[in-house]
Amino acid sequence: MSVCIAAHLEELFNILFSNNHERGIEFIFVGSFGEGLYFSLSRAEENFDFDLMICTKNAKVVIKRKNVIKQQYYKIFILESSPHPGYAGLRYYKEPMGGYCYLDTKNARINEKATITTKITNSLTGCKSTSFEGINGPAMTFHMGNYKCAPYLDIVESIHCDEWPCVANEWIKRTRSNWPSKAMISKILKLGCDLVPVGSHGNNTDSKEWRISFVRAERYLIRTLNDAQLKTLVLLKVIFRHRMLGDGFHDTVSGYVAKCSFFWISEDYGGRDWKTSGCIQYLWLCLRKIKIFLRGGELSTLLHERMQCFAWKA
């Protein structure tokens, strides 16, 4: 049910904004709400946040220069490799001077208190008391109301790439049991990736780095989980939301790390065949995975084996 609600709201917002001056953007719900886990997790929450990705339709990223076609409807950016796994540079042809320039993340980001962002959040929430709370990584955080239990809205801007990035080709060829299936992999490849304006951890001086995001692929994977996988993931998320393993642990390890461990266990232990009677065992495997990688100091994301989620999420 949560998936249907998120999908319908997403469609509604895109229809509403397609008829006015904001038609150059696409709304994509991500996080627990977009993944369909909202009602499973929100009942015991005093405050619950919503994550929204705003993807511009006036720009497009391509991987191969030969795919660049000059046209007047949107700007084309070429994805360039970065020495930091999971990140890239975006180059574009600057007219009328000519020559290629890198797109600066600071210049590309909507200003913290820009009118367009205020209009979007007020329109989405129906609340004129929406207040800007600050920037956390690539996200702009807004408090949707002036009362204590009002939810928070995290907005992340992105530029979409229809192509699958070469740096993640290992995931396609990886040896796995039965999850995800070949059909699911084919579907994910068509989703491409998104580029969000934030550099690698500790690389604050370089504003030309963009993070490669597979949020659409991750959302698709979670929306297609079987009952046993879904219950295991919800149990894992509840543990992290309520910080059941102690403040010291949760100050170091984030919920995103937990989700990455779940993906790895699903892939390593044939998630398609999981039974609900084994949810506690699968949960234990996820927690053990986190513990093992904590000792080694690294845990990679599922779709990009060289990108360490501890470095930028933990």
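This is a predicted model: local features need pLDDT of at least 70, side-chain atom pairs count only at pLDDT 80 or more; totals for chains, interfaces and linings use all residues.

Trainee: OK, rings. How many aromatic pairs are there?
Mentor: The count is ten aromatic pairs. Rings of Phe, Tyr and Trp (its six-membered ring) pair if their centres lie within 6.5 Å; planes under 30 degrees apart are stacked, over 60 edge-to-face, and the rest tilted.

Trainee: What kind of pair do Trp179 and Phe263 form?
Mentor: A stacked one, with 6.3 Å centre to centre and 20 degrees between the planes. Trp179 is in the loop between α6 (169-173) and α7 (182-191), while Phe263 is in helix α11 (residues 255-268), so to speak a link between distant parts of the chain, 84 residues apart. Helices here are DSSP runs (H or I, at least four residues), strands are E runs of at least two, and both are numbered from the N terminus.

Trainee: Are Trp179 and Phe263 buried or exposed?
Mentor: Both are buried, and buried means under 20% relative accessible area, with exposed over 50% and partly exposed in between (1.4 Å probe, protein chains only).

Trainee: Why is the pair of Trp274 and Tyr282 stacked?
Mentor: Because the ring centres are 4.0 Å apart and the planes are at 15 degrees. Trp274 and Tyr282 are both buried too. Ring pairs join Trp179, Phe262, Phe263, Trp274 and Tyr282 into a cluster.

Trainee: New topic: what's up with helix α9?
Mentor: Helix α9 (residues 227-241) has 15 residues and reaches 21 Å from its first C-alpha to its last. That is close to the 21 Å expected at 1.5 Å a residue, where the expected span is 1.5 Å times one less than the number of residues.

Trainee: Which residues in α9 are buried?
Mentor: Among them are Leu233, Leu236, Ile239 and Phe240. Just after α9, Arg243 takes a positive phi of about 50 degrees.

Trainee: Now charges. How many salt bridges does the whole structure have?
Mentor: A search finds twelve. A salt bridge is a side-chain nitrogen of Lys or Arg within 4 Å of a carboxyl oxygen of Asp or Glu.

Trainee: Where do Lys60 and Asp162 sit?
Mentor: Lys60 is in strand β2 (residues 49-62), and Asp162 is in the loop between β8 (152-161) and α6, 102 residues apart. Their side chains meet in a salt bridge (3.3 Å, N to O). Lys60 counts as partly exposed, at 25% relative accessibility, and Asp162 is partly exposed at 41%.

Trainee: And Asp194 with Arg216, buried or exposed?
Mentor: Both are buried, and their side chains meet in a salt bridge at 2.6 Å, N to O. Asp194 lies in strand β9 (residues 193-196) and Arg216 in helix α8 (residues 215-223), so the pair ties together parts 22 residues apart in sequence.

Trainee: What does Lys289 form with Asp268?
Mentor: A salt bridge, with the closest N and O atoms 3.6 Å apart. Lys289 counts as buried because its relative accessibility is 15%, whereas Asp268 is partly exposed at 43%.

Trainee: Which residues do shared partners join into one network?
Mentor: Salt bridges join Glu170, Arg174, Arg176 and Glu267 that way.

Key: Residues are numbered from 1 along each chain as its sequence is written. Side-chain values use heavy atoms; hydrogens and water are left out.
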